[in-house]
Amino acid sequence: MIKLYAALLNKKLVLAIEEANLVINRQKRLNTDDYRCPRCHKKVILVISQTKSAFFKHWLNYQNNQGEKEEHHSSKMLLKAAFTALGFPAQTEIPLANGQLRADVLVSPKLALEVQCAPLSYEEFQSRHYLYRKINILDLWIVGKRHYLQKKIRKAQLIFLRKNKIWGNYYLEVDPYRKILRLKFNILRAALTNEIVFQTAIFTLDEIGIKKLLKFRPIKKQFHLNTHKQKQFLWRQIHEKTKFGKQIAEKLYQLHLTVNDLPEEVFSSWREPHEIDQISKFLKEKS
């Protein structure tokens with residue numbers, strides 16, 4: 001992703017940080033101006049992050065291919081219809097936060113659904129998520145095919161995870177062609193690797209399915225972790241001198257420990273998807 005910190009507006013150069021301040025201070029709305037790249041003169045948009053400096057990004061990077069557009073539109077319409085049938089005042093493409101946000105589906109004054117079929121950076125997500133929190137609306141993210149969860153979790157997928165007491169860590173996927181919602185819950189990550197385990201429940205994307213989803217109370221499984229595989233992974237990382245392997249080897253050396261001194265639980269314990277690996281956690285506590 002190419003970040004631009006300045007853009008052309010009415011043939012004059014403007015800085016991203018100054019434009020962001022105008023938006024934050026409500027002197028203008030987000031991306032209602034026609035920003036252009038100083039080099040190629042193609043359309044760019046302003047991205048405001050809560051953790052990093054504001055920047056401009058080419059608009060083309062935000063546009064989905066035709067399949068993603070169809071997937072996104074169909075998903076929104078099916079979700080709106082299902083929640084409307086349940087008695088919610090669901091609406092699509094509703095501007096919020098003085099025009100800085102546009103909810104894919106505003107289910108109620110306190111709940112918005114975001115259907116994400118295209119790529120999304122961490123900065124973009126944080127900006128939108130922050131604005132929802134600022135106006136006291138819960139933003140629930142439902143992902144399309146591009147982001148479906150498989151056997152390993154990618155860093156880019158972590159932003160879509162949510163957690164509650166009933167489902168544990170969970171993830172919602174939409175398939176508008178089969179007209180279903182797929183709930184992946186009780187998601188746990190292996191001690192060291194990016195491998196994950198989870199349970200799956202499927203609900204029809206209609207009034208009955210949404211009703212069942214809202215009342216879903218599963219029995220969560222206890223998963224077994226292959227400790228031998230986790231140990232092999234660690235030895236391989238150290239032997240190949242990867243960044244992770246070197247970090248662990250250096251920390252072990254500083255603490256006068258070897259891999260054989262590590263307790264069994266650092267290889268056999270599942271972790272929360274967002275948590276650091278169990279060995280780094282153990283060594284940090286030992287420091």
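Me: Which residue does Lys 76 form a salt bridge with?
Reply: Glu 93, and the closest N and O atoms of the two are 2.5 Å apart. Lys 76 is in helix α2 and Glu 93 is in strand β5 (residues 91-96), so the pair links distant parts of the chain, 17 residues apart. A salt bridge here is a side-chain nitrogen of Lys or Arg within 4 Å of a carboxyl oxygen of Asp or Glu.

Me: What kind of model is this?
Reply: It is a predicted model, where local features need pLDDT of at least 70 and side-chain atom pairs count only at pLDDT 80 or more, while totals for chains, interfaces and linings use all residues. Residues are numbered from 1 along each chain as its sequence is written, and side-chain values use heavy atoms, with hydrogens and water left out. Helices (H or I, at least four residues) and strands (E, at least two) are DSSP runs, numbered from the N terminus.

Me: Back to the pair. Is Lys 76 buried or exposed?
Reply: Lys 76 counts as buried because its relative accessibility is 7%. Glu 93 is partly exposed, at 29% relative accessible area. Buried means under 20% relative accessible area, exposed over 50%, and partly exposed in between (1.4 Å probe, protein chains only).

Me: How many salt bridges does the structure hold?
Reply: There are 15.

Me: What does Glu 173 pair with?
Reply: Glu 173 forms a salt bridge with Lys 184, with the closest N and O atoms 3.1 Å apart. Glu 173 lies in strand β10 and Lys 184 in strand β11, so this pair ties together parts 11 residues apart in sequence. Glu 173 is buried, at 1% relative accessibility, and Lys 184 is buried too, at 7%.

Me: And what about Glu 264 — which partner does it have?
Reply: Lys 231, again as a salt bridge, with 3.1 Å between the closest N and O atoms. Glu 264 sits in the loop between α6 (243-254) and α7, and Lys 231 in helix α5 (residues 227-239), so parts 33 residues apart in sequence are tied together. Glu 264 is partly exposed at 40% relative accessibility, and Lys 231 is partly exposed at 28%. Elsewhere, salt bridges that share partners join Glu 19, Lys 28 and Asp 33 into one network.

Me: Arg 271 next. Where does it lie?
Reply: Arg 271 is in the loop between α7 (265-268) and α8 (278-286). Arg 271 is buried yet has no salt bridge, and the nearest side chain of opposite charge, Asp 277, is 5.3 Å away.

Me: What lies 2.8 Å from a polar atom of its side chain?
Reply: The backbone oxygen of Glu 275.

Me: New topic. How many residues are in the largest nonpolar core?
Reply: 26, and those with the most contacts inside this core are Leu 79, Leu 113, Leu 181 and Leu 183. Elements that each supply at least two of its residues include α2 (66-85), β7 (111-116) and β11 (180-189). Helix α2 gives the most, with 4 residues. Apart from this core lies another of 19 residues, among them Ala 190, Ala 191, Phe 267 and Phe 282. A nonpolar core is a set of buried Ala, Val, Leu, Ile, Met, Phe, Trp, Tyr and Cys residues joined through side-chain atoms within 4.5 Å.

Me: Last one. Which residues cover the two faces of strand β3?
Reply: Val 44 and Leu 46 are on one side, Ile 45 and Val 47 are on the other, and all are buried.

Conventions: Lys and Arg count as positive and Asp and Glu as negative; His and the chain ends are not counted. A polar contact is a pair of N or O atoms within 3.5 Å; within protein, one must be able to donate a hydrogen and the other to accept it, and residues adjacent in sequence count only if both atoms are side-chain atoms.
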